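Welcome to a short tour of this model. Please load it in your viewer and keep the side chains ready to display.

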Amino acid sequence: QVQLQESGPGLVKPSQTLSLTCTVSGGSITTNNYYWSWIRQPPGKGLEWIGSMAWSGSTYYSPSLKSRTSISRDTSKNQFTLQLSSVTPEDTAVFYCARGSGSSWYVNDYWGQGTQVTVSA
């Protein structure tokens, strides 16, 4: 089975860059027709799509976050990474990585367990 694991600092200071890595096992991030997404959930709010990377390496970003977001990958490690710059306390959330078909960002067959990231001075 496919497993995804988020990792990175749980606390980030305002104005700094949040960086998280998703490590994938049981399947390749280059397998045709799959998309690899970052999704977050602020406390008391719903899920918000941040961005995705297709199997080809093409990236897609939420318009509201595009200017601050970068998704990259290391195929040799079967990992993809999220960088969110200039963070504020409003970026505090549980962050998830997930695999989907691309039909909709919120339809995914595998999810990581999520990792809490708090933005605070």
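Rings of Phe, Tyr and Trp (its six-membered ring) pair if their centres lie within 6.5 Å; planes under 30 degrees apart count as stacked, over 60 as edge-to-face and the rest as tilted. Select Tyr 35, Trp 55 and Tyr 60 to begin: ring pairs link these residues into a cluster. By the ring rule, the count comes to six aromatic pairs.

A word on what you are viewing: the model is predicted, with local features needing pLDDT of at least 70 and side-chain atom pairs counting only at pLDDT 80 or more, while totals for chains, interfaces and linings use all residues. Residues are numbered from 1 along each chain as its sequence is written, and side-chain values use heavy atoms, leaving out hydrogens and water.

Next, show Trp 105 and Tyr 106. Their ring centres are 5.4 Å apart and their planes stand at 85°, so this pair is edge-to-face. Trp 105 is partly exposed at 29% relative accessibility, and Tyr 106 is exposed at 52% (buried is under 20% relative accessible area, exposed over 50%, partly exposed in between; 1.4 Å probe, protein chains only).

Now pick Arg 99 and Tyr 34. The charged end of Arg 99 sits over the Tyr 34 ring, 3.7 Å from its centre (the rule asks for NZ of Lys or CZ of Arg within 6 Å of the ring centre and within 35 degrees of the ring normal).

Last stop: which residue does a disulfide join to Cys 22? Select Cys 97, its partner, with S to S at 2.1 Å (the cut-off for two cysteine sulfur atoms is within 2.5 Å). Both Cys 22 and Cys 97 are buried, each with a relative accessible area of 0%.
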